[in-house]
Amino acid sequence: MSQQFFTISLLRDLEYRANLVSMMLSGLIWTGIPLIMFKSIYLHANQIAGWSWSGMLILMGTYTLIDAIMMFLLINNMNELQSDIMQGKLDFALTKPVDSQFYVSFRQTNNSQLFNVLPGLLMILYGLHQTGWSIHVLYVLGYLLFFFTGMVLYYSVWFIWTTLSFWLPNLQSRERLFLDTVLMARFPSEIYKGFMGFVFTTIVPVAFIANPAAKMLMGKLSMDTAIYVLLLSLVMLVLSRFIWKRGVRAYSGAGG
Amino acid sequence: MTNNTLTRMLKPYLRTMQLSWQKGLEYRFGILYLLLEAILPITAMVLLWKTIYESNGTMAGYTFNQMVTYFIAGRLINYLVLYPMDWKMHEMVNQGTLSSLLARPVDVQSYYFADMVGNRIVNFVLGCTPLGIIAILLRNYISLNPNYVELILGIVAIMLACGMWFLLSWAVGCYVFWTHNLISILFMKELIVMVLAGGFFPIDILPSPMVHIIKLTPFPYLTFFPIHVLTNTVNSDEVMNGLMMQAIWLTILFILGRILWQIGMKKYVEAGG
């Protein structure tokens with residue numbers, strides 16, 4: 001009898017392990033597909049909007065890394081926040097003795113998302129290897145700074161988008177639309193020109209999530225863009241705060 | 001027939017139309033979402049390729065307009081072809097609905113085939129609206145050589161691709177009889193099949209040895225081939241060849257699916273399902 005129990009639990013563990021392996025594999029495939037596409041394009045072209053293959057690797061690696069960390073922090077919480085707002089169950093979160101925006105943003109993590117950190121790091125390291133490791137210490141520090149502003153922008157856009165549920169509760173597929181949009185962050189920001197450029201660098205600034213950090217690491221970030229991105233991430237963060245406060249007030253005012 | 005009786009006859013239909021219109025207005029954000037969901041990825045792709053083509057004349061034989069047309073036609077064909085038979089099989093075994101289906105005097109595969117066909121019609125109507133809008137917005141970039149023969153052959157190729165996708169998903173879905181946790185496998189399969197089918201980008205931009213190998217598999221006949229027939233970018237010999245390959249793969253996948261189902265069924269019944 002006990003042996004049978006042992007066999008069953010062992011089988012279950014193995015099944016979980018298989019699950020773990022396949023989750024890692026699907027993460028690898030998910031990050032690998034755009035890589036294959038870009039590698040194929042570079043077979044026919046030397047550069048895309050001034051980006052060499054090594055630069056593109058660093059850009060996509062940076063995007064993958066930021067995306068993995070932010071998904072790890074936010075995916076469960078944005079989901080829950082949206083349903084709390086829509087079903088009027090936010091009171092529990094509002095009565096917590098911590099800052100309510102902080103609480104609803106980071107209450108629980110989704111650990112399996114961290115798998116994608118590894119392919120992200122590998123892409124960056126391989127890209128750097130291809131450039132012959134010609135990096136300055138200052139560039140690395142700058143990289144960390146703009147990696148952080150990238151995370152702030154990722155957070156602010158998603159949080160504001162979710163918080164809009166206070167006023168537009170009917171939009172069911174809100175999350176998927178964000179996830180579709182944020183995928184555009186892995187492309188060079190140079191492709192967003194004209195009206196689209198205005199949208200993706202100002203209103204929904206996904207173009208500045210991964211691009212500034214990657215350019216910084218290669219020493220190609222202009223001073224204008226650097227200052228703009230620093231200010232923009234600050235403004236977006238303050239805006240997320242402002243919209244959250246307004247939303248909570250509307251929610252409490254409605255007796256929710 | 002007097003005007004009065006005509007009005008009375010049409011009244012219920014007009015009322016239904018009015019109701020569905022009101023319902024549609026209620027879900028206007030849903031429609032907005034459908035539009036954005038269709039427009040955003042295509043916009044990103046168009047902008048990316050536009051930049052790439054600024055420093056390159058052609059890419060693996062595609063001009064910029066042909067590339068844009070490829071992506072839009074690819075979206076349309078994916079709307080029409082994708083049917084999650086494997087996910088449905090996963091659901092039906094794990095939620096136990098298979099047993100009640102088996103008790104009915106229907107062939108399970110034919111039952112789902114009929115469901116798939118009905119579903120295609122809904123998808124056609126739902127998918128064509130946003131794609132039509134995109135096509136109008138991007139009309140300057142689209143290169144089509146309208147030709148009735150090619151159009152009919154394109155529709156035939158899409159219909160065969162629908163059948164192939166259904167039978168392929170069926171064969172993959174039969175794996176559910178051997179494992180209960182299929183979800184991550186199905187997710188991976190979807191991504192890999194989409195790449196090999198040319199659903200993410202045209203497969204012929206890949207290195208040529210890889211293209212040769214991929215063309216021996218059934219996958220390019222799911223998306224890549226129908227796109228080329230529909231956009232009239234292959235010659236008639238290649239079209240006939242491709243249609244024949246589709247028919248051959250359809251037969252192979254059908255037999256494979258039947259065999260796997262039989263073996264799986266035996267296992268399922270023995271397990272007392």
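A residue counts as buried when its relative accessible area is under 20%, as exposed when over 50%, and as partly exposed in between (1.4 Å probe, protein chains only). By this rule, buried residues make up 44% of the 273 residues in chain B. The model is predicted, so local features need pLDDT of at least 70 and side-chain atom pairs count only at pLDDT 80 or more, while totals for chains, interfaces and linings use all residues. Residues are numbered from 1 along each chain as its sequence is written, chains are lettered from A and ligands numbered from 1 in the order in which they are written, and side-chain values use heavy atoms, leaving out hydrogens and water.

**Fold of chain B**
- Chain B has eleven helices and zero strands; helices (H or I, at least four residues) and strands (E, at least two) are DSSP runs, numbered from the N terminus.
- Of the contacts in chain B with a separation of 6 or more, 78% join residues 24 or more positions apart; a contact means heavy atoms within 4.5 Å.

**Annotated regions**
- An unreviewed UniProt entry lists residues 27-49, 61-82, 121-139, 151-172 and 243-261 of chain B as "transmembrane region"; such annotations may be inferred rather than shown by experiment.
- Residues 61-82 of chain B are 82% helix and 0% strand, with end C-alpha atoms 28 Å apart.
- Residues 243-261 of chain B are 100% helix and 0% strand, and their end C-alpha atoms lie 27 Å apart.

**Interface of chains B and A**
- The contact involves 31 residues from chain B and 34 residues from chain A.
- About 3,100 Å² is buried between the two chains, with carbon and sulfur atoms giving 76%; buried area is the accessible area (1.4 Å probe) that two parts lose on being put together, summed over both.
- One salt bridge is counted between chain B and chain A, the term requiring a side-chain nitrogen of Lys or Arg within 4 Å of a carboxyl oxygen of Asp or Glu.
- The side chains of Glu54(B) and Lys193(A) meet in a salt bridge at 3.0 Å, N to O.
- On the side of chain B that touches chain A, α2 and α8 (183-197) of chain B each supply at least two residues, and the largest share, 14 residues, comes from α2(B).

**Lys50(B)**
- Lys50(B) lies in helix α2 (residues 28-54) of chain B.
- Lys50(B) counts as partly exposed because its relative accessibility is 36%.
- Leaving aside residues up to four places away in sequence, Lys50(B) touches Phe64(B) and Tyr141(B).
- Lys50(B) and Phe64(B) are 14 residues apart along the chain, and their C-alpha atoms are separated by 6.9 Å.
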